[in-house]
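Hello,

Here is the structure I promised to pass on to you. Please open it next to this message, so that you can look up each place as you read.

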Amino acid sequence: MVNIGIVGVGLVGSELLAQLHATSAKRLKVVGLTNSRNMVVSDTEYKSLSLTQWKQELENSSVAADLGVFAKYLADAPDHSVIVDCTASDAVSQLYPAWLKAGVSVVTPNKKGFSGSLDLYKEIVALAANLGPAPVDGAKSPLAYHESTVGAGLPVLSTLTDLVKTGDEIEKIEGIFSGTLSYLFNNFSSLSSSEGSQSFSEIVKVAKELGYTEPDPRDDLNGMDVARKVTICGRLAGLDLDLSTLPVENIVPGPLQSVASADEFMAKLPEFDDHFKQLNEGAKKEGQVLRYVGLVDVKGGQSGVKLLKYPASHPFASLQGSDNIIKFTTKYFPNGLIIQGAGAGAAVTSFGIYSDLLKVQERVEGF
């Protein structure tokens, strides 16, 4: 039996609880929930909380949120415990080493701990039995899984881990890692005569209305989300990539990078439609399309995030909708191993988290 405590019960955390309820996961018990205000934990017998009444229980709880108390409750459990961090908080990710030292495993879609400080990342790796040389101590050995930090539920990191562990040599990892930027450029830059007629600002406006972008689309267009995913992949491939030195092409026009609000940005973006139109037409003249790509260049040392051109024959050129696509080029797969599919959204992100929880359960229970 594995006890679960969930930190952050917003869109993804709520969906995870719904999936656990729908599948009646008998070997996984949710025994604690916390948001930024309140928390609720089970009793000393660590019985499962209600997966149908949890919102009311958390809302009515008089216990103030305290991650120290929350983690200790889970660490004191007789069975193995996991904290699922469903936040995007840097402060919460800083607590992972303390949780792992206490014997509590970590499962998370939060990119901060695995793409931020290299020192923090190396400490997490050293403490997690599945990532580094941590000693295995039966069911109490702490584990750390973060499949859903890259590509949501797509098996990107598990595939990369398998390639590395089996002795394959990673040459290059390239991909369209952002569902938002995938949607924008799939619609804006196409060799099809029926597509590409809308201006860039119009497509950004539609994407924002559909909820594909962050509240401020500059948080997508500046490339930092893709940079975090590139950093995570690069580190798993053996590179000490650092966000502070990784080259990232910010495609927000310079004069708009410092405007005060998202509304002002959206209002002024049409002034730069000609800039994006010229980029697109230049690519079309060469029979190519524009795609915003992240690159881990293990052999050539040219890792980064940039807007690139691809011919119609390339898999990235034919991508549809808001899908992600990641291509591994390795010794064993010189022509590339490709993973493609939905890489954003609460349902697929929660699927990735759930899959990681099952990995923890299978590992600590020996099946």
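Below is what was found, one region at a time. Please keep in mind that this is a predicted model.

**Around the annotated binding site**

Let's begin with a database record. The unreviewed UniProt entry has a "binding site" annotation, and this covers Gly8, Val9, Gly10, Leu11, Val12 and Gly13. From this set, Leu11 and Val12 belong to the lining of the largest pocket.

Where does valine 9 sit? Look in the loop that lies between strand E1 (2-7) and helix H1 (11-23). If you set aside the neighbours within four places in sequence, valine 9 is in contact with Ser14, Leu17, Leu33, Thr34, Asn35, Trp54 and Leu58.

Valine 12, by contrast, has its place in helix H1. Which residues does valine 12 touch, leaving aside its neighbours within four places in sequence? The contacts are Cys86, Ala346, Thr349, Ser350 and Ile353.

**One side of helix H8**

Next, please find helix H8, which spans residues 156-165. Its buried residues are Val156, Leu157, Thr159, Leu160 and Leu163. Around the axis they cover an arc of only 160 degrees, so they lie on the same side of H8.

After H8 comes glycine 167, which has a positive phi, near 85 degrees.

Is lysine 229 buried or exposed? With a relative accessibility of 6%, lysine 229 counts as buried.

Its side chain has polar partners to look for. One is the backbone oxygen of phenylalanine 177, which the side chain of lysine 229 reaches at 2.9 Å. Another is the side chain of aspartate 225, with which the lysine 229 side chain makes a polar contact at 3.0 Å. Leaving aside neighbours within four places in sequence, the residues in contact with lysine 229 are Lys111, Thr149, Val150, Phe177 and Ser178.

Enjoy exploring, and write back with any questions.

Best wishes

Note on methods: Residues are numbered from 1 along each chain as its sequence is written. This is a predicted model: local features need pLDDT of at least 70, side-chain atom pairs count only at pLDDT 80 or more; totals for chains, interfaces and linings use all residues. Side-chain values use heavy atoms; hydrogens and water are left out. Buried means under 20% relative accessible area, exposed over 50%, partly exposed in between (1.4 Å probe, protein chains only). Helices (H or I, at least four residues) and strands (E, at least two) are DSSP runs, numbered from the N terminus. The arc is that of the directions from the helix axis to the C-beta atoms. UniProt positions are given in the numbering used here, feature names are shortened, and annotations may be inferred rather than shown by experiment. On a 1 Å grid over the protein atoms alone, a cavity is a set of points where a 1.4 Å probe fits but cannot get out, and a pocket is an open set with protein on both sides within 12 Å along at least five of seven lines; lining residues have an atom within 4 Å of a point. Contact means heavy atoms within 4.5 Å. A polar contact is a pair of N or O atoms within 3.5 Å; within protein, one must be able to donate a hydrogen and the other to accept it, and residues adjacent in sequence count only if both atoms are side-chain atoms.
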